[in-house]
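User: Can you walk me through the pockets and salt bridges in this one?
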Amino acid sequence: MQRVKILDALRKVSELKDRKIIIYGPEEYLVQQFLKKLGEFYEVEKFYADENLEGFLSREEGGLFATKATFKVLLKGDVLTGVLRKKADKERFLKSLKEKERFAIVLTPEFESKKWKTELFQEITKIVEILIYAERLPRETLIKRILSKLESKGINRGLAELIVDIAGEDLARLKLETDKLLEYPGEITPQVVSALVFSGSEVNVFEIIYLLIGGEKKEFLKELEKALLTVDPLVLVGLFQSQVRQLINLSFGNEKGIKNVGTLYSIARKRKPAWFLN
């Protein structure tokens with residue numbers, strides 16, 4: 001079994017696209033990028049081990065209008081030890097892996113290393129040809145990427161380091177936070193970074209806008225008061241201005257130039273303001 005780091009795998013997807021693969025490690029964003037690149041060659045079908053394992057095992061491939069061959073991906077593969085309890089189920093699963101020309105089993109970041117020693121995973125690794133490890137990128141690499149992405153905003157290394165300090169080293173979160181900074185209409189300062197960039201444990205000033213627009217006045221005032229304890233009022237005004245403008249564009253179906261459109265849709269739909277009709 002060949003071991004490959006995720007960045008190397010991304011560079012040579014064309015060489016790995018017809019192989020039997022396991023992907024594991026903490027950097028989920030790069031895993032998704034790898035699967036996305038597979039989509040350039042195949043119709044990627046995703047299944048969850050604890051929900052629709054039968055779909056993964058089935059020999060049926062592609063939908064009615066599929067124009068490419070199928071590449072099946074099994075997500076949350078670490079629950080297989082709990083799902084395949086009977087000997088007959090394990091044997092059927094392993095037989096299916098042997099018969100497939102190509103597939104990928106993706107393990108969650110919480111996968112426990114001791115599971116590699118279980119009988120099931122010992123057998124799976126005998127069948128798998130490629131083991132891809134999705135490691136976190138080094139801090140220095142993250143800082144360089146942020147400096148490059150936000151070059152048009154004129155940020156310096158100190159600000160890039162501050163972004164990583166606050167948001168952490170998860171690429172998906174860093175992408176979201178730097179997208180917000182790209183959309184901020186004013187100068188990026190340490191105060192702006194501290195206000196707009198947040199981790200899951202901090203006050204989410206980004207969502208305060210949707211409380212306001214959604215008519216949740218009491219909740220809005222409560223969260224606004226909390227945010228003002230740590231956030232410059234002028235920074236909040238800038239944030240409101242930028243994101244409200246984007247939401248108005250979205251409400252009219254205009255996504256052009258909006259970097260974080262997926263997140264805006266997600267939060268807007270969750271808040272369900274009356275004017276958001278999509």
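Predicted model: local features only at pLDDT ≥ 70, side-chain atom pairs only at ≥ 80, totals over all residues.

User: What's the volume of the largest pocket, and how many residues line it?
Analyst: The volume is about 300 Å³, with 13 residues in the lining. Leu 57, Arg 59, Ser 96, Glu 99 and Lys 100 lie nearest the centre.

User: Which element gives the largest share of that lining?
Analyst: Helix H6 (87–99), with four residues. Strand E4 (70–75) also gives two or more.

User: And by class, what's in there?
Analyst: Nine charged residues, three polar and one nonpolar.

User: OK, what about the second largest pocket, which classes line that?
Analyst: Five nonpolar, three charged and one polar residue. Among them are Tyr 29, Leu 142 and Lys 175. The volume is about 200 Å³, and helices H8 (139–149) and H10 (171–183) each give two or more lining residues.

User: Switching topic: how many salt bridges are there in the whole structure?
Analyst: The search finds 20. One of them pairs Glu 135 with Lys 5, at 4.0 Å from N to O.

User: Where do Glu 135 and Lys 5 sit?
Analyst: Lys 5 is in strand E1 (residues 2–5) and Glu 135 in the loop between strand E6 (130–133) and H8, so the bridge ties together parts 130 residues apart in sequence.

User: Is Arg 11 buried or exposed?
Analyst: Arg 11 counts as exposed, at 64% relative accessibility, while Asp 8 is partly exposed at 31%.

Conventions
Residues numbered from 1 in each chain as written. Heavy atoms only, no water. 1 Å grid on protein atoms, 1.4 Å probe; cavity = no way out; pocket = protein on both sides within 12 Å on 5 of 7 lines; lining within 4 Å. Points joined across faces, edges and corners; volume = space filled by probe spheres on them. Nonpolar A, V, L, I, M, F, W, Y, C, P; charged D, E, K, R; others polar. Salt bridge = Lys/Arg side-chain N within 4 Å of Asp/Glu carboxyl O. Buried < 20%, exposed > 50% of the residue type's maximum accessible area, 1.4 Å probe, protein only.
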